[in-house]
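Let's walk through this protein together, starting with its rings and then turning to its pockets. Please keep the model open beside you as you read.

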Amino acid sequence: MNHQNDVEILGCRLRISVNSPVDNMAAGNLAAPIDEDTGIVNGPGVYSDITKQDQVIHPITGVAIDGFQVPFWRACLDMAKQAALKHPQNRSIGWDIVVTEEGPGLIEGNHDWCKLLWQLPVKEGFKYQLDRFI
C-alpha cells in the first residue's frame, strides 16, 4: 500500500512448473512477466539459473509462454487488492494466487516475498521503485 493507503501493484509474475510438483524458481522452474493491464505474459520464462536459456515455449507441454493470457485476470487482481486492504499494517505483501478452471484462489500472502522473482523475469533491478515507500 502506498502513503495514501491505496493498493499499488508493483509487478505481476507467472510461476511455471517444469516437470516439478512445486512452482518456485529455486526448484528449477520458470517465471515470466505479466502485463498488469491485460493479464498477458509479455516475455519469456526465465530460470533463476541464468546459464539456462530463456523459454518462449514451455519445454514439456509445448504451450507458448510469451503471449499467454492468464485466465480470470481481473478477478486475480481484484482478489489481491481486496486481500491487501484487509492487512493495511503490512505495506508490502507478495500474493500467491492459483488459477483453476473455476477461477482464482488465494494461496497465501508473503511479507518476505521473493525479490528475485520480481526482478529476474524482466531483467531489471527494481530497488529504486521501493524508495518512494520509505
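The paragraphs below cover aromatic contacts, charges over rings, and pockets.

A word on the ground rules: the model is predicted, so local features need pLDDT of at least 70 and side-chain atom pairs count only at pLDDT 80 or more, while totals for chains, interfaces and linings use all residues. Residues are numbered from 1 along each chain as its sequence is written, and side-chain values use heavy atoms, with hydrogens and water left out.

Begin with the rings. Those of Phe, Tyr and Trp (its six-membered ring) are paired if their centres lie within 6.5 Å; planes under 30 degrees apart are called stacked, over 60 edge-to-face, and the rest tilted. That rule gives three aromatic pairs. Take W113 and W118: their ring centres are 5.2 Å apart and their planes meet at 80 degrees, so this pair is edge-to-face. W118 also pairs with F126, this time tilted, with 5.1 Å centre to centre and 50 degrees between the planes. Together, W113, W118, F126 and Y128 make up one aromatic cluster.

W113 is buried because its relative accessibility is 13%. W118, at 5%, is buried, and F126, at 7%, is buried as well.

A charge sits over a ring if NZ of Lys or CZ of Arg is within 6 Å of the ring centre and within 35 degrees of the ring normal. The charged end of K115 sits over the W113 ring, 4.3 Å from its centre. K52 lies over the face of Y47, at 4.7 Å from the ring centre.

Now for the pockets. On a 1 Å grid over the protein atoms alone, a pocket is an open set of points with protein on both sides within 12 Å along at least five of seven lines, and lining residues have an atom within 4 Å of a point. The largest pocket is lined by 45 residues, with G11, R13, G94, W95 and D96 nearest its centre. By class, this lining has 31 nonpolar, seven polar and seven charged residues. (Ala, Val, Leu, Ile, Met, Phe, Trp, Tyr, Cys and Pro are nonpolar; Asp, Glu, Lys and Arg are charged; the others, Gly among them, are polar.)

The second largest pocket has I9, L10, G11 and C12 among its lining residues. Its lining divides into six nonpolar, two polar and four charged residues.

Notes: Buried means under 20% relative accessible area, exposed over 50%, partly exposed in between (1.4 Å probe, protein chains only). On a 1 Å grid over the protein atoms alone, a cavity is a set of points where a 1.4 Å probe fits but cannot get out, and a pocket is an open set with protein on both sides within 12 Å along at least five of seven lines; lining residues have an atom within 4 Å of a point.
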